[in-house]
Amino acid sequence: MAKEQKIQYVTAPKVDDNRKKYCRFKKNGIKYIDYKDANFLLKFINDQGKLLPRRLTGTSLKFQRKVAQAVKRARHIGLLPYVADSLK
Amino acid sequence: MQQYETVIILTPLLSEEVAKETITKFSTFLTENGAEIIHEDNWGLRKLAYPIEKKSTEFFHLTEFKAPGDLISKLELQYKRDERIMRFLTIALDKHALAYNEKKRSGAFNKKPKTEEAAK
């Protein structure tokens, strides 16, 4: 009797995601990131309210610095939390 | 003359008139000291993302103005002396920010009716 074999991997298989990450600011020609637009900045923070790294968002270094600045300003004026539990 | 943008957060304990009076106090302070006010925006009573001074709401007011650089420290000193102001943020605007604000005022972004309606 042929038993159905379960395939077991030693290491987790790589799921090929062919979509290349890109910097959304460069692509769309956005030159200024508004710190007053909290809904937009939500895309760059995780549900704890921490900034997401560039390797996840694909933002270029130039704009990552600006995102960070904008998020910090938004936190100061109470538009975004410094710490949160479930933001999303 | 550099262009600046300043955000002030007033305590929610104020009545509508007192809040307005505070705002006009600072706008007259600006114009008297050689600043040129370009745009003002009042978001009214808003909920804060986290409590500041044990208060969870705020009056949020934004002013955009052109001023000589030495006025900023004077303005911020005035802010610190006024106990009705919980927080403030003043930033210098670069050319991209200016272009963005110009666009926003002309209503190019219809995605954000919240801020647009508050301006009217």
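The structure is a predicted model, in which local features need pLDDT of at least 70, side-chain atom pairs count only at pLDDT 80 or more, and totals for chains, interfaces and linings use all residues. Residues are numbered from 1 along each chain as its sequence is written, while chains are lettered from A and ligands numbered from 1 in the order in which they are written.

Chain A holds four helices and zero strands, in the order α-α-α-α from the N terminus. Helices here are DSSP runs of H or I with at least four residues, and strands are runs of E with at least two, numbered from the N terminus. Of the 88 residues of chain A, 20% are buried, a term that requires 20 or more other C-beta atoms, placed from the backbone, within 10 Å of a residue's own.

A:Gly49 sits in the loop between α2 (38–41) and α3 (54–57) of chain A. Because A:Gly49 has 20 C-beta neighbours inside 10 Å, it counts as buried. Beyond its neighbours within four places in sequence, A:Gly49 is in contact (C-beta atoms, placed from the backbone, within 7 Å) with A:Leu80, A:Pro81, A:Tyr82, A:Val83, A:Ala84 and A:Leu87.

Turning to the two chains together, their contact takes 12 residues from chain A and 13 residues from chain B. In chain B, helix α1 (residues 16–32) has 17 residues and reaches 24 Å from its first C-alpha to its last. Just after α1(B), B:Gly34 takes a positive phi of about 85°.

Definitions and conventions:
Buried ≥ 20, exposed ≤ 12 C-beta atoms within 10 Å, placed from the backbone. Expected span 1.5 Å × (residues − 1).
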